[in-house]
Amino acid sequence: MTIKFSTRDLHLYYGEFEALKGINLDIEANKITAFIGPSGCGKSTYLKVLNRMHDLDKNVTITGTVTLDDVDILHGMDPIALRKRVGMVFQQPNPFPKSIWENIAYGPKINGIRNKKELNDIVERSLRQAAIWDEVKDRLNKSAMGLSGGQQQRLCIARALAMEPDVILMDEPTSALDPISTTKVEDLVTELSKDYTIVIVTHNMQQATRVADNTAFFLLGELIEYNTTETIFSVPSDKRTEDYITGRFS
């Protein structure tokens, strides 16, 4: 078992409010790990720690350690370098108000790639990886805003892939999508896990059982359980987990 992220005794405070309480968690490489739990339990807060999205919030204090491939990301890694290795896909699709091509090429261009053929190759590769190439290959110069919601989310996944990350973080990536688009994204996530480490926050228990290898259950800022998804959903080891899975905390 190869560990991609390792977290030890992580505490996060918004002012005096403790949002994360002593998190200890190892995330396996090339696996899909789901974070579940009721709203406000800390799962999205912890997800954002993994690529230091809290850096700009001066009201946030973080203690403890988080390592990526044994390198301390909180103190020993440049945040720009970190975010190149750890991509993020948000709950609402957020394409840039630019062409489909520009959405994918934007990150590589910012990182110094100027050769048009190289950029074209990156755009095609990323869109193919995100299973959307065949749908958009004839409209690359059209606005990304004209795509459907499901297409926009797969475009955002392709935009993250263009940076060639090690890890893809997904914060409820299908909550705004219809069932057909949700299925396409779930199938894509499963396929991508062959080459990437994926962490997904979801409120959908069925989604966790469908896509995740491992599942972490958060409640009130604490990590209550972490195990294989099969174990979490077949043998709840804590009453609070059982209550959540049966709907009491949903």
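The model is predicted.

Four strands form an open sheet, in the order E2-E1-E4-E5. Their pairing is antiparallel. Strands of a sheet pair through backbone hydrogen bonds, either parallel or antiparallel. The edges are strand E2, residues 17–28, and strand E5, residues 71–72. Each of these edge strands pairs on one side only. Strand E1 (residues 3–14) pairs with strand E4 (residues 60–68) over eight bridges, in the antiparallel sense.

Helix packing was examined for H3 and H6. Helix H3 spans residues 100–110, and helix H6 spans residues 149–161. The two pack at an angle of about 30°, and their axes are 7 Å apart. Angles under 35 degrees count as roughly parallel, so H3 is roughly parallel to H6. The crossing of H3 past H6 is right-handed. On the H3 side, the contact involves Ile-100, Asn-103 and Ile-104. These residues meet Leu-155, Ala-158 and Arg-159 of H6. Of the residues in this contact, four are nonpolar, one is polar and one is charged.

Lys-31 sits in the loop between E2 and strand E3, which covers residues 32–36. The relative accessible area of Lys-31 is 31%, and the residue is therefore partly exposed. Leaving aside residues up to four places away in sequence, Lys-31 touches Tyr-196, Thr-197, Ile-198, Asp-213 and Asn-214. Lys-31 and Gly-149 are separated by 118 residues in sequence. In space, their C-alpha atoms are 26 Å apart.

Key
Residues numbered from 1 in each chain as written. Predicted model: local features only at pLDDT ≥ 70, side-chain atom pairs only at ≥ 80, totals over all residues. Heavy atoms only, no water. Axes fitted to C-alpha atoms, helices over the stretch in contact; angles between N-to-C directions. Parallel < 35°, antiparallel > 145°, perpendicular 65-115°, else oblique. Left-handed = near helix turned anticlockwise from the far one by under 90°. Contact = heavy atoms within 4.5 Å. Nonpolar A, V, L, I, M, F, W, Y, C, P; charged D, E, K, R; others polar. Pairing = 2+ DSSP bridges. Buried < 20%, exposed > 50% of the residue type's maximum accessible area, 1.4 Å probe, protein only.
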